Amino acid sequence: GEDVEQSLFLSVREGDSSVINCTYTDSSSTYLYWYKQEPGAGLQLLTYIFSNMDMKQDQRLTVLLNKKDKHLSLRIADTQTGDSAIYFCAESMSGGGNKLTFGTGTQLKVEL
Amino acid sequence: EAQVTQNPRYLITVTGKKLTVTCSQNMNHEYMSWYRQDPGLGLRQIYYSMNVEVTDKGDVPEGYKVSRKEKRNFPLILESPSPNQTSLYFCASRRRGGNQPQHFGDGTRLSIL
């Protein structure tokens, strides 16, 4: 079955790094995604990683994938107040049509 | 501008009164989906469509219907809404292909009294 888990809250100081963690259970996942949701808005795709990759870096964002432990993380360097939002990880499989399975979301609060 | 448009953005209604939430995308995407977002549960897929006249159930389809008569539109229909369908709903679309990202609408907040 598919299950994606995240911790619910994370609080960091401005300028520090944030690390948001996610665990998933379906080993047949092909792509794993990170989405950002700001208040009152839809979901914005931040980045994604293919399951045969270990790491992907995109400016301040670093995604690490440990496929053996089924663990995905998103690191945000030099966290800013504008990074305050809910972050969702999601997995998709090659079959099952269009389906994305989302985690519960992590609320990131950036304090001055 | 490429976008997914949902209407209405907010709706308060009563139990049993049929309602439709419209979703339209202007990107010629093959795939479209509806999700609901509830606190502590993340987003759960209700229905999806891989092309015109092709729809299938997601994880939580009970109490919902969809149709895909045209490529750009994917309405969500609640024939007899109940309070447990009070939620935040998102429509999404994407191109066919493994790593194509989903584009989300801004959401529709439904309250069923």
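B:Thr5 has B:Ser24, a residue of S3(B), as its bridge partner. The model is predicted. Chain B holds an open antiparallel sheet of four strands, and chain A and chain B bury about 1,700 Å² between them. Over all chains, a search of the whole structure finds eight salt bridges.

**The four-stranded sheet of chain B**

- The strand order in this open sheet is S1-S3-S8-S7, with antiparallel pairing.
- Strand S1 (4–7) and strand S7 (65–66) of chain B are the edge strands, each pairing on one side only.
- S1(B) and S3(B) run antiparallel and are joined by four bridges.
- S3(B) is also joined to S8(B), through three bridges and again in the antiparallel sense; here B:Val21 stands opposite B:Leu76 of S8(B).
- S7(B) pairs with strand S8 (residues 76–78) of chain B over two bridges, and B:Lys65 has B:Ile77 in S8(B) as its bridge partner.
- S3(B) is largely enclosed by the rest of the structure, because five of its seven residues are buried.

**Loop residues of chain B**

- B:Gln85 sits in the loop between S8 and strand S9 (87–94) of chain B, and B:Gln85 is buried at a relative accessible area of 3%.
- Leaving aside residues up to four places away in sequence, B:Gln85 touches B:Arg36, B:Glu62, B:Gly63, B:Tyr64, B:Leu78, B:Ser80, B:Leu110 and B:Ile112.
- B:Val14 belongs to the loop between strand S2 (10–13) and strand S3 (19–25) of chain B; its relative accessibility of 44% makes B:Val14 partly exposed.
- Together with B:Ile12 and B:Leu113, B:Val14 makes a nonpolar surface patch of about 330 Å².

**The interface of chain A and chain B**

- The contact involves 19 residues of chain A and 25 residues of chain B.
- Of the area buried between the two chains, 52% is on carbon and sulfur atoms.

**Salt bridges in chain A**

- A:Lys36 and A:Glu38 form a salt bridge whose closest N and O atoms are 3.3 Å apart. A:Lys36 is buried at 9% relative accessible area, whereas A:Glu38 is partly exposed at 34%.
- A:Asp83 and A:Arg60 form another salt bridge, with the closest N and O atoms 2.9 Å apart. A:Asp83 is in the loop between strand S8 (71–76) and strand S9 (85–93) of chain A, and A:Arg60 is in the loop between strand S6 (55–58) and strand S7 (61–66) of chain A, so the pair ties together parts 23 residues apart in sequence.
- In that pair, A:Asp83 is buried at 7% relative accessibility, while A:Arg60 is partly exposed at 33%.

**Salt bridges in chain B**

- The side chains of B:Glu30 and B:Lys71 meet in a salt bridge at 3.8 Å, N to O. B:Glu30 is in the loop between S3 and strand S4 (31–38) of chain B and B:Lys71 in the loop between S7 and S8 of chain B, so the pair ties together parts 41 residues apart in sequence.
- B:Glu30 is buried at 13% relative accessibility, and B:Lys71 is partly exposed at 26% relative accessible area.
- B:Arg36, B:Asp38 and B:Arg44 are joined into one network by salt bridges that share partners.

**A residue of strand S5 in chain A**

- A:Tyr48 lies in strand S5 (residues 43–50) of chain A and is partly exposed, at 24% relative accessible area.
- A:Tyr48 and A:Val19 are 29 residues apart along the chain, and their C-alpha atoms are separated by 16 Å.

Definitions and conventions:
Residues are numbered from 1 along each chain as its sequence is written. Chains are lettered from A and ligands numbered from 1 in the order in which they are written. This is a predicted model: local features need pLDDT of at least 70, side-chain atom pairs count only at pLDDT 80 or more; totals for chains, interfaces and linings use all residues. Side-chain values use heavy atoms; hydrogens and water are left out. Two strands pair if DSSP finds at least two bridges between them. Patches are made of residues with over 30% relative accessible area and no salt bridge: like charges are joined within 9 Å, nonpolar side chains (Val, Leu, Ile, Met, Phe, Trp, Tyr) within 5 Å. Accessible areas come from the Shrake-Rupley method with a 1.4 Å probe; for residues, only the protein chains shown count as cover. A salt bridge is a side-chain nitrogen of Lys or Arg within 4 Å of a carboxyl oxygen of Asp or Glu. Buried means under 20% relative accessible area, exposed over 50%, partly exposed in between (1.4 Å probe, protein chains only). Contact means heavy atoms within 4.5 Å. Buried area is the accessible area (1.4 Å probe) that two parts lose on being put together, summed over both.
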